Structures are given as structure tokens and as C-alpha cells.
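Me: I have a model open and would like to learn how to read its features one by one. Could you take me through a few?

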Amino acid sequence: MIDKKTLSERDICTKFITPAVEKSGWNKLTQLLEEVSFTDGKIYVRGKLTARGNQKRADYILYYKPNIPIAIIEAKDNKHSVRAGIQQALDYAQILDIPCVFSSNGDGFLFHDRTTTDGNIETEIGLDDFPTPQQLWEKYKKYKGITTDTAEKIASQDYYFDGTNRKPRYYQQIAVNRTVEAIANGQDRILLVMATGTGKTYTAFQIIHRLWKSGAKKRILFLADRNALIDQTRRGDFKHFKDKMTVVKHRQIDKSYEIYLALYQGLSGTDEDANVYKQFSPDFFDLIVIDECHRGSAKEDSSWREILSYFKNATHIGLTATPKETKETSNTEYFGDPVYTYSLKQGIDDGFLAPYRVVRIGLNVDAEGWRPDQGKTDKGGNLVEDRIYNRKDFDRNLVIEERTELVAKKLTEFLKGYDRFAKTIVFCVDIDHAERMRTALAKQNADLVAENYKYVMQITGDNDEGKRELDNFINPEEKYPVIATTSELMTTGVDAQTCKVIVLDANINSMTKFKQIIGRGTRINEEYGKMYFTILDFRNATDLFADKDFDGDPIRVKPVSQDEDLSLVVIEEEENTVTVLDEATGEEIKFEKATIRYPDGSKLDGTWVVKEPREKIYVNGVDVSVLVSREMYFDQHGKPITTSLKDHTKEIIKEKFASLDDFLNKWNTTDRKEAIIAELQEQGVMVEALYDAVNKEVDLFDLICHVAFDQPPLTRKERANNVKKRNYFTKYGDQAKKVLEALLDKYADEGITNIESIEVLRVNPFDEFGSPLEIINEFGSKEKYLQAVKELEIELYKNIG
């Protein structure tokens, strides 16, 4: 008879839980997955090094069909009760959108039923009574409101598999399932909000493919507003539609296809002849997917809205990273509330998106303003108006040459200390600013520009040479261009996987635009070493990180059917669009030219008054300097830390350890100190920043004791010398003694985590003592070596508290 209490958690799973589930009719190959890691583990940045935190892992996920999860089981060993895993299981079930939740210790199951609200919400069941797939599928249908056979057929349609190991991440799975289920239940306007870099196009492909294959939707239109987006989609995830798919080009319509990709500008225009979408009957499409729907379709008078109104009987799905909610524009008014939101913060916490460092550089003229000396003239010899010019004026109304040169110089200094070939996007005020910034950066990097003039390129809507280089910039395999200066063109829809530096030298007042710009850096590419990115902020644009709307759900701002006259300044014109500045709010708004009417050269749709931009003033001979340059720090919730770093750390540590004794006990009883460091980082302690703030020569142990418990810190060298003074090594043989003394020196130089790994025995000076195996044999065995290291650590941290 097996004593269950002696078995490990894994043994309980293998001997009791898995057999009980299989016995109820679950297919081990297609319906039952064990030890499912559903996140990648948050990335932590330590100086230039990165490390990942723990992945979230479920013991079991049960699927009705692949990618349609309906139950989760959390297992514990038999020393725990049958109920012990239920809270963790419920936490995971909520994240994964799973209705049936189980906990087990091998004796039976506790079943938590999220589909019921009566007293049977939790029941204990025996090992022989685990529910069948059909029983849990019925509960899933109830949870999702699926009540008809037709809806069930659509909701249970298979995902597309391309023969590789690729499968949706958990949040893509939820987005696809919720959308397909909503459509199966008759919803015809749907909004999906997914952060930039989280795979919206792949998600859209799976939604479209499942609806198409199930017969629910027969002809589908995928609408975007940029050629680059259409090309990426056609060549990427949508390639599996093969000959059933076409791209609408040159206003030529062929009605023999089933999947259509189109630019909205290619379907509509300023005159009736250009509105080729009307060659389709209003009922031709039964599904329209609008990519980056914040850019056009949210405005009632946009071309997108014209097209959507024409095909009003079709189901409309809006995809965006940044729903637009302003007084004039509302995504949620049109599409309704999002069926699912996956935020930037969640993506970073899960390890699917890159975290960011923020360095803010304050210039004297920005902080204090600039007032021209009496009689000051511009470069053309004209008198400069006597007033105080500030950050809002610079590069919009007034250009200070020295300011542009200093920004270029500070960026170049940063890249020289980091990586001169790190892909970098510089966001400028307008095209003129992007042009001048390219010149300033070329001067600062003359050596690399001489090797290849494409080292720095202006990539803006009006510059054909630059636009041609956009594909090379976003291609990880292409070395050039390295630095791109831009204004509007690269704010959205550019899949720059290896972008490591984002420079903000534009006034950004729109939360939508800010999120889109930050999204240019959030993709991870481990093969090319892109694990995080750095934001250099010259305009305090990163104040928006502290805004409550930065990562919250969109709040509808637009009052229904409210018209306002706005005073707008044209700031940039491209082939199909014009960007204007709302002087009242500071927000930049991009219009489609197709919606603009020019009866007298000053009207936009009869409502918007547009003024010509002022002529810029260009001045030089101004003293511009850096007042302050500092790194911003963020807490574990992604919000800027407003207290001092020491106070923030003290607060976190005091929450975890009530007293110095509590901390010492944990430190001394933990085999690997690295585990404590990782745990504290997950709680939000900025380890590297703390070293910079206190002293790089002290151990993390002393940092914590000093910051949280007011203990005087000792440097690592002082701790190592204290051990040497105590003649602690006399009980070891000569060779073992030399090894321990070398470990002590290693600790003094590099810290505790490096001496805990046996790998340290492969490097200098240990390789002089023999191979790792020979060194360990000097101690008698591996266990005795590890024990000696453990005792050395105890000696290092003696006499505290």
C-alpha cells in the first residue's frame, strides 16, 4: 500500500489525477495538457543584462477542442487538503477565461463552478466522479451564453493549424474565442483592444478563418489605412487563404474572391467615381475587419464610416491598441465596449512585451523658456518678436539651431555608451524638424555616415527615398538605416522588432499617439538581443505615464451628437491625409483628405476652421545646455515612482518582512540568495537603481538592511576581510582553503550570486586549481562543497542586527 503522504506533487498527478481524468473520457493527446506555462516570465533589466521572472504555470488545462479551454486543475501533494489549490486555480481561471475550476490532492476533487450562483458553487467529488468532456462543455456553453445549435457549430469550429508548433498565446486564444462566440450569439459590432506587438493580425486571421470555415461568414473585407499594413498582412498570417484572397488595387474590383484586403483610400475618394466600394452590392460582405480602427473609423464623417455605413448589414470588428475616446471621436460609441482588452502593462508583466527604461533630459530653454535679447534678429535678419518662447513653440513656431544640435549630441553620446548600431527612432515635431534632425545627427556621427550614408535617414511621408528604406529599418537582418528621424509616418503600424531606442523630441498631448509611439519599442526579438528598450525624453512627454488613462480601459468622452467648431492649424500634409493641431487642447488630429471640402480654401467639412501655419522663425547664437538628466523609475504596476527610491524600497521590503529578524531568517535559510533577489524584483524593488543610489560596492544584503532597517552598510570587501580575520578556513586542507579564499575574493568583486553557482569553478582563477570535478573532490563530494559554500555565506553575514 502506497503512503500518499510520501509522494511528490508530480507523483500524485501521475498516479491519481491523470488516471481519474482519462477515465472520464478525456483524450490525453488532444484534450489534456499538463504543466502548461501560459506566460513567458516578466523581463527584468539589470544594467545592460536582462533576466526573466517566473512563468505562470497551470498543472492541468482541459480542452473541449484545441485552443478552447473549458477546465483547469491545480494539484497539490497529499500533505495538503483537497481544497488547498483552489485559490490559485481560480486566479488562473479568471486570467484564462475558464469556467470550470478544480483543486486536487489525489484523494478527490474540489469543483468550483463559475457558471452557477447558487449554493452548489463548490462541491467535493470523488476520483471516480470527474465530469466528462460533454458535461463540462455544457457548462462552458452556459458560461458563454451559447444556446442554439447554430451558435454551437460556430463556437466549436477548429482553429487553423499550419503544421508547425505555432499556436495562439493565451490572450490571443481568449480574443479569438470571445469574438467568435459573440458573433455566434448575434453581436454585429465588436471591438478588440490589444497592445502593440501582441499579434493583432494573427488573432484577426484565426477569427476570420474560423468564421469562414464554419460557413458563418462567406465574404470578408479586411480594411487598413496604409500599404505597409496590407503588405504585412498579405505576406504574413493571411497567406494561408491562398487563391481565395485578393488585394484591391488600382480601383479594380473582381467579385470572384472570398477574402479581400483593401486600403480604405483605395475604395473611396473625393468624387463619386472614386467610390469604387459601391460596385459591390451593400450585402456583398458579411464580415468587415477594420485594422487600427482608432485612426479613421471612429469619426462619424470619415471615409471609413462611409464604407461601413454602406455595408451596414455586415458584422464589423474593430482592432486597435489604442481606442480613441475624445470629444469628437469615439470607438466605443460605434463598436460598443471591448469584448477583450490586453494591455501594454499586462503584456510586459507576462513577458510577451519588452519593458522600458526612461531617461529624461531637461534643457535650459525648455525649462526656463527663451526670451530674445533686445534687437535679436532671426537668420533672415528680421527682428524676433519679444516674448517668452517655450517648449510648445520650439520647432513648431521657432527653431533654435543649438537646441537641435544638443539633442543630436546627447543622443549620440547615449548610443556611444550603449550601442551605436541600436535601431533608433527619433520622433520630431514635423517634417522640417525631422529633416534638420537628420542633418544634425549626420554631423555628430560623421565617421559612421562616411561608411554608409544610410546610417541616419529621414523617414517621413513626403520623402520617397526615406520611405523606401522603411522596410530595411524594420527588417532585423538589415544593418541600415540605424537611426530614423520621423514625425507622423512611423507612429503606428510599423513592426520594428529590433527598435531599441525611442527619442521623444515632439510635444505629445494625445494619449492615443503616445501609446502608439511607445508601441514601436515593445516587441521582443531574443535572437537579435532585443529584450528591452530605452526612451530618451526631451519634452517631458513621459509625464503621460503617470496619467490614469495610460493603461486603463477607454472612457467614453464624446457626448452623443455634439458638434463643435475648433480652431486648427495644418502642421503636416501627406498624400492621403492632413495632420492638424487643435490649439485649444494641444491634440494633433489626422484627417483623411477624402473627407475634406475646400469651398473657399478655409473649410473642412463645413465645421472645422483651418488656419494656415505660421511661418517659422529660425534663430541661432543661443546658449542651450542640459539642466538635468535622470532616469525615471516605475513601480510594479507600471506607474512612475514619485517618492524617493529608498522610501519606495523600504515600503516594499517592510510589507514583506515585518522586522530585521524576519529578513535575516529568510536570508540565512534560503539556499540560493538569487531566489530572494528575484522575488524582491518581482515585488518591484529596483536593484540596479538602488546600487547606483547607495553604493555599488555593497552587497544587496547590506542595501536592504540599510534602506529598510537603518543598519550601517558594510562593503563586500569589508565583509570578506572580516571573514579572513576570523581564520575561518583553518579546518580545511590547503587546496580547499585556496578555493574558498578565491571564492571570497570573487564575492568581494562581484557579489553573492556569482559564488553560488558551480559554474564559477570554470573561470579564472579557479581553473588554475584543476577542473570543477577535481576541485569538488578536494572537499570530498559535491554535497560537502555546497555545504562549505553555505557555511562561507553564514560567516559573511555574521553579527548583524
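Me: Which residues of strand 14 are buried on one side, and which on the other?

Reply: Burial is judged by relative accessible area: buried means under 20%, exposed over 50%, and partly exposed in between, using a 1.4 Å probe and protein chains only. On one side of strand 14, Thr315, Ile317 and Leu319 are buried, and on the other His316, Gly318 and Thr320 are buried, which leaves both faces covered. Six of the six residues of this strand (315-320) are buried, so strand 14 is largely enclosed by the rest of the structure. A word on the source: this is a predicted model, where local features need pLDDT of at least 70 and side-chain atom pairs count only at pLDDT 80 or more, while totals for chains, interfaces and linings use all residues. Residues are numbered from 1 along each chain as its sequence is written, and side-chain values use heavy atoms, with hydrogens and water left out.

Me: Which strands pair with strand 14 in the parallel sense?

Reply: Strands of a sheet pair through backbone hydrogen bonds, either parallel or antiparallel. Here two strands pair if DSSP finds at least two bridges between them; strands (E, at least two residues) and helices (H or I, at least four) are DSSP runs numbered from the N terminus. Strand 9 (residues 189-194) pairs with strand 14 in the parallel sense over five bridges, and Leu192 stands opposite Leu319. Strand 13 (residues 287-290) also runs parallel to strand 14, joined to it by four bridges, with His316 as the bridge partner of Ile288.

Me: What is the strand order in the open sheet of six strands?

Reply: The order is 1-4-5-6-7-8, with mixed pairing. Strand 1 (32-37) and strand 8 (122-126) are at the edges with a single partner strand each, so one side of each has no neighbour in the sheet. From one strand to the next, the twist averages 30°. Strand 7 (residues 108-113) pairs with strand 8 in the antiparallel sense over five bridges, and Leu110 has Glu124 as its bridge partner.

Me: Where does Asn67 lie, and what is its phi?

Reply: Look at the loop between strand 4 and strand 5, where Asn67 has its place. Its phi is near 75°, a positive value in a residue other than glycine. Asn67 counts as buried, at 6% relative accessibility. Asp97, in the loop between helix 2 (86-96) and strand 6, likewise has a positive phi, near 60°.

Me: How many aromatic pairs are there in the whole structure?

Reply: Rings of Phe, Tyr and Trp (its six-membered ring) pair if their centres lie within 6.5 Å; planes under 30 degrees apart are stacked, over 60 edge-to-face, and the rest tilted. A search of the whole structure finds 45 such pairs. One of them is Tyr334 with Phe335, edge-to-face at 4.8 Å centre to centre and 85° between the planes. Phe421 and Tyr480 also form an edge-to-face pair, at 6.1 Å and 75°. Phe421 is in the loop between helix 13 (401-418) and strand 18 (423-427) and Tyr480 in the loop between helix 17 and strand 20, so this pair ties together parts 59 residues apart in sequence.

Me: What else is found around Phe421 and Tyr480?

Reply: A charge sits over a ring if NZ of Lys or CZ of Arg is within 6 Å of the ring centre and within 35 degrees of the ring normal. Lys479 lies over the face of Phe421, 4.5 Å from the ring centre. The peptide bond from Tyr480 to Pro481 is cis, with omega near -10°.

How values were computed: Axes are lines fitted to C-alpha atoms, for helices over the stretch in contact, and angles run from 0 to 180 degrees between N-to-C directions.
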